[in-house]
Structure formats: structure tokens, C-alpha cells
Amino acid sequence: MKILGISGSVFGTKSRTALDTFKTNFSPEVEYEIMDLKDLNIEFSDGRDYRDYTGDTKILIDKILEVDAILIGSPVFQASIPGSLKNVFDLLPIDSLRNKVLGIVMSAGSSKHFLVAEYQLKPILTYMKAKPLENFVFIEGSSFNRGAIINDDINLRLENYAKTMEAAVRNERLHQESEDALFDF
């Protein structure tokens, strides 16, 4: 099972910190890799075919296409997702997330931004035919200190979220296999 973590901002460290905790929370059967947009040189989407991009942009697109699931870590900026994360979705063909399980971990300085994932990120993912998990993990800025998550409740929720995500990927695989068997003549 391959899961890709995408740290969706070119600024800050909280999203990456949250995604790093999954390294120890996923079971050994999971191949988990993180791509941090801060470390990549991603081109702006300009409408060309996704296969025409090169460099880090092509590497990121290819990783997204090959994995079973994606875990998005994103801060909330100006009551919205960062433009760098939206750009990633704009680079992809519409069906590229079809039947991929998508997990979401959002961080913000205030609880007032709790629903950004629900009202802004999930509609994009659903439009692209992904299978976003019903729940997501929201982390307030006060739960971080010196590059670590210091809130035990948040750490427990991240651990449980990893298990939920793995189970969802297994269930999606079984569902796809049963659908394939129906049409296998």
C-alpha cells in the first residue's frame, strides 16, 4: 500500500510536522513518502497537458498518479487553502484522483478556521472523484511547540487517523476488485 503525504504550503512547518507523525503511526505494510511543496520547484498550472510538465512538477504528478492514497497536510491562510496546494490540483487531469483515498490534516492559528477543509478542500477532492475520508484532523497552532505536537489528544487522533486511512484503502481495494470481477468476462 502506497500513501503519499503532501505538505501543501511553501511557508511554515506545522503541516510537515503533522505529516511526519504518520511515519510511526502507519503499519509496516505502508510505503509512506512525503513531498513537501516547500522543497520542490513546482510550475504554475498553465492549462497544458499534465504529461508536458518536467522536473519536480512531473515527479509530483507521477507520484500522485501511482499511489493508493494521499494524505494532505495544509495550513489555513486567509481563511482558505494555500494557492500552492490549489495549484497542485490544477496541474492534474480530472480523473487522476478517481477512487484514491484522501486524508486531510489542517492547521490554523484559530478554531474559527475549522471548516475550511469541509467547505473548500473536500469539494475540490470530490469533484476530482477522490474518496475523501469522512473526518479530518484539525490542529490549532497552540498544539505545536518547537517543531513538535505537544497535545496528547492530537497525537492520539493522528494515530487513529492513520489506522482509519489504512482501513479505507483496504476497503477501496476490495471494492475495486469486486467491481472488476463483475465486468471481467
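Is Ala-79 buried, partly exposed or exposed? Select Ala-79 to begin the tour: with a relative accessible area of 36%, Ala-79 is partly exposed, where buried means under 20% relative accessible area, exposed means over 50%, and partly exposed lies in between (1.4 Å probe, protein chains only).

The structure on the screen is a predicted model, in which local features need pLDDT of at least 70 and side-chain atom pairs count only at pLDDT 80 or more, while totals for chains, interfaces and linings use all residues. Residues are numbered from 1 along each chain as its sequence is written, and side-chain values use heavy atoms, with hydrogens and water left out.

**Stop 1: two loop residues with positive phi**

Keep Ala-79 selected. Ala-79 sits in the loop between E3 and H4; the names H and E refer to DSSP runs numbered from the N terminus, helices (H or I) having at least four residues and strands (E) at least two. Although Ala-79 is not a glycine, its phi is positive, at about 60°.

Next, select Arg-146, in the loop between strand E7 (144-145) and strand E8 (148-149). Arg-146 is likewise a residue other than glycine with a positive phi, near 50°. Its relative accessibility is 82%, so Arg-146 counts as exposed.

**Stop 2: a nonpolar patch**

Select Val-10, Phe-11 and Phe-77 together. These residues form a nonpolar patch on the surface, and their accessible area together is about 320 Å². Patches consist of residues with over 30% relative accessible area and no salt bridge, like charges being joined within 9 Å and nonpolar side chains (Val, Leu, Ile, Met, Phe, Trp, Tyr) within 5 Å. Accessible areas come from the Shrake-Rupley method with a 1.4 Å probe, and for residues only the protein chains shown count as cover.

Why does Phe-11 count as exposed? Its relative accessibility is 61%.

**Stop 3: helices H4 and H5**

Display helix H4 (residues 83-91) and helix H5 (residues 116-127). The two helices pack at an angle of about 10°, and their axes are 11 Å apart. H4 is therefore roughly parallel to H5. Here the axes are lines fitted to C-alpha atoms, for helices over the stretch in contact, and angles run from 0 to 180 degrees between N-to-C directions. Angles under 35 degrees count as roughly parallel, over 145 as roughly antiparallel, 65 to 115 as roughly perpendicular, and the rest as oblique.

Which residues make the contact between the two helices? On H4 they are Leu-85, Lys-86 and Phe-89, and on H5 they are Leu-121, Ile-124 and Leu-125; contact means heavy atoms within 4.5 Å.

Select the buried residues of H4, namely Leu-85, Asn-87, Val-88, Phe-89 and Leu-91. They pack against helix H3 (55-66), strand E3 (69-75) and H5.

Remain on H5 and select Glu-118. With a relative accessible area of 30%, Glu-118 is partly exposed. Its contacts, leaving aside neighbours within four places in sequence, are Pro-123 and Phe-136.

**Stop 4: a buried serine**

Select Ser-107, in strand E4 (residues 101-108). A relative accessible area of 7% makes Ser-107 buried. Not counting residues up to four places away in sequence, Ser-107 touches Lys-14, Ser-15, Ser-74, Pro-75, Val-76, Ile-139 and Phe-144.

**Stop 5: salt bridges**

How many salt bridges does a search of the whole structure find? The search finds 18, a salt bridge being a side-chain nitrogen of Lys or Arg within 4 Å of a carboxyl oxygen of Asp or Glu.

Select Lys-129 and Asp-95, whose side chains meet in a salt bridge (3.5 Å, N to O). This pair links distant parts of the chain, 34 residues apart: Lys-129 is in the loop between H5 and strand E5 (131-132), and Asp-95 is in the loop between H4 and E4. Lys-129 is partly exposed at 31% relative accessibility, and Asp-95 is partly exposed at 38%.

Arg-16 lies in helix H1 and Asp-36 in strand E2 (residues 31-36), so the pair ties together parts that are 20 residues apart in sequence. Arg-16 is partly exposed at 23% relative accessibility, whereas Asp-36 is buried at 5%.
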